[in-house]
Amino acid sequence: MAMGASASDLKALLQVSGEDGALVDALDRRADAALRALQAAAEPSPSFFEGFALQGIRVGSIHPGRILCSFTVPTRLTAGGNHLAPGAVVALVDEIGSAAAVADGHHLKVSVDMSVSFVDLAAAAPGDTLRISARALGHRGAYSGTHVLVANAATGKVVAEGRHSLFGKMKIRSNI
């Protein structure tokens with residue numbers, strides 16, 4: 001204890017006023033609400049790259065082992081503003097190929113090999129709508145293979161064709 005201070009003096013010094021107590025309680029409630037909001041927003045979200053490269057994909061149909069999508073080529077994904085960049089095509093083959101494997105009822109897997117043939121990138125100019133079809137070629141144990149075809153929806157010209165190999169047995173977590 002401090003020299004010359006009684007226990008009642010110290011108790012009065014450490015006493016929180018009603019007004020200060022209400023402010024602390026309000027902060028506590030705000031922090032609790034913020035924590036609940038963060039937990040609700042903690043759903044798995046795509047990386048910056050996935051959101052940048054894949055924004056705008058529309059799923060037309062999905063069946064076991066098959067998926068059909070459309071995608072309008074944005075200028076942000078073009079090479080020199082002339083046609084869809086090769087890296088964007090690879091991202092489409094990766095993601096849509098993975099979706100075809102999952103659509104077949106199998107576990108989520110990781111890419112182990114991808115082969116992409118760039119048939120005619122000029123057929124994918126900014127503003128063109130692409131038709132992307134993917135199908136699961138088969139599954140053996142933890143290994144899956146998919147085929148992805150990217151074509152101009154208006155002309156039918158093939159932009160690229162890819163084969164995608166995946167491996168693993170990761171569980172899919174859903175809040176549905």
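Student: Is Thr78 buried or exposed?

Tutor: Burial is judged by relative accessible area: buried is under 20%, exposed is over 50%, and partly exposed is in between, using a 1.4 Å probe and protein chains only. Thr78 has a relative accessible area of 15%, so Thr78 is buried. This is a predicted model, in which local features need pLDDT of at least 70 and side-chain atom pairs count only at pLDDT 80 or more, while totals for chains, interfaces and linings use all residues. Residues are numbered from 1 along each chain as its sequence is written, and side-chain values use heavy atoms, with hydrogens and water left out.

Student: Which residues is Thr78 in contact with?

Tutor: Contact means heavy atoms within 4.5 Å. Leaving aside neighbours within four places in sequence, Thr78 contacts Val73, His83, Leu84, Ala85 and Pro126. A polar contact is a pair of N or O atoms within 3.5 Å; within protein, one must be able to donate a hydrogen and the other to accept it, and residues adjacent in sequence count only if both atoms are side-chain atoms. The Thr78 side chain reaches the backbone oxygen of Thr75 at 2.7 Å.

Student: How many helices and strands does the protein have?

Tutor: Helices (H or I, at least four residues) and strands (E, at least two) are DSSP runs, numbered from the N terminus. The protein has four helices and eight strands, in the order α-α-α-β-β-β-β-α-β-β-β-β from the N terminus. Thr78 is in strand β3 (residues 78-79).

Student: What span does helix α4 reach?

Tutor: The expected span of a helix is 1.5 Å times one less than its number of residues. Helix α4 (residues 86-103) has 18 residues and reaches 25 Å from first C-alpha to last, close to the 26 Å expected.

Student: Which residues of α4 are buried?

Tutor: An α-helix has 3.6 residues a turn, so residues three or four places apart point the same way. The buried residues of α4 include Ala88, Leu92, Ile96 and Ala100. Just after α4, Gly105 takes a positive phi of about 85°.

Student: Where is Ser165, and what does Ser165 touch?

Tutor: Ser165 is in strand β8 (residues 158-170). With a relative accessible area of 12%, Ser165 is buried. Not counting residues up to four places away in sequence, Ser165 touches Val110, Ser111, Val112, Asp113, Tyr143 and Ser144. One of these, Val112, lies in strand β5 (residues 108-118).

Student: What share of the residues in the protein is buried?

Tutor: Buried residues make up 28% of the 176 residues.
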